[in-house]
Amino acid sequence: MSRPAVPVLSRITKVPVDTGMLENAGHYPLEDPGLQQMEDAIADFVTKHTARPCRPGHRPHPVGG
């Protein structure tokens, strides 16, 4: 991730934040391989942060279901 975004992202404290670099892509990828890398990263993030119960006894709905 480029330096200018770090000060903005550091202020986000109430939700998880992940950053990463996309290979062979601009800042907003519109084609592969960057677009696929971004889609994979988003899917991984959602799975990682929704795969556990939010409160005791609560069962999360499956992603995409």
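Methionine 21 is exposed, with a relative accessible area of 63%. Exposed means over 50% relative accessible area, buried means under 20%, and partly exposed lies in between (1.4 Å probe, protein chains only). Methionine 21 lies in the loop between α1 and α2. Its C-alpha atom is separated by 9.1 Å from that of glutamine 37, 16 residues apart along the chain.

This is a predicted model, in which local features need pLDDT of at least 70 and side-chain atom pairs count only at pLDDT 80 or more, while totals for chains, interfaces and linings use all residues. Residues are numbered from 1 along each chain as its sequence is written, and side-chain values use heavy atoms, with hydrogens and water left out.

Now the overall fold. The protein chain has two helices and zero strands. Helices (H or I, at least four residues) and strands (E, at least two) are DSSP runs, numbered from the N terminus. Helix α1 covers 5–10 and helix α2 covers 34–50. Of the 65 residues in the protein chain, 3% are buried. The accessible surface of the chain comes to about 5,900 Å². Carbon and sulfur atoms account for 58% of that surface. Accessible areas come from the Shrake-Rupley method with a 1.4 Å probe; for residues, only the protein chains shown count as cover.

The loop between α1 and α2 holds much to look at. Start with isoleucine 12, which is placed in this loop. Isoleucine 12 counts as partly exposed because its relative accessibility is 37%. Together with Val15 and Val17, Ile12 makes a nonpolar surface patch of about 220 Å². Patches are made of residues with over 30% relative accessible area and no salt bridge; like charges are joined within 9 Å, and nonpolar side chains (Val, Leu, Ile, Met, Phe, Trp, Tyr) within 5 Å.

Aspartate 18 comes next. What does its side chain meet in a salt bridge? The partner is lysine 48, at 3.9 Å, N to O. A salt bridge is a side-chain nitrogen of Lys or Arg within 4 Å of a carboxyl oxygen of Asp or Glu. By this rule the count comes to one. The pair links distant parts of the chain, 30 residues apart: lysine 48 sits in helix α2, aspartate 18 in the loop between α1 and α2. Side chains of opposite charge can pair when their charged atoms come close. Lysine 48 is exposed, at 52% relative accessible area. Aspartate 18 is partly exposed, at 45%.

Asparagine 24 also belongs to the loop between α1 and α2. Its phi is near 55 degrees, a positive value in a residue other than glycine. With a relative accessible area of 71%, asparagine 24 is exposed.

Tyrosine 28 is found in the loop between α1 and α2 as well. It counts as exposed because its relative accessibility is 56%. Tyrosine 28 and methionine 38 are 10 residues apart in sequence. Their C-alpha atoms are 9.1 Å apart in space.

Aspartate 32 is in the loop too. Its relative accessibility is 55%, so aspartate 32 counts as exposed. The peptide bond from aspartate 32 to proline 33 is cis, with omega near 10 degrees. Proline 33 also lies in the loop between α1 and α2.
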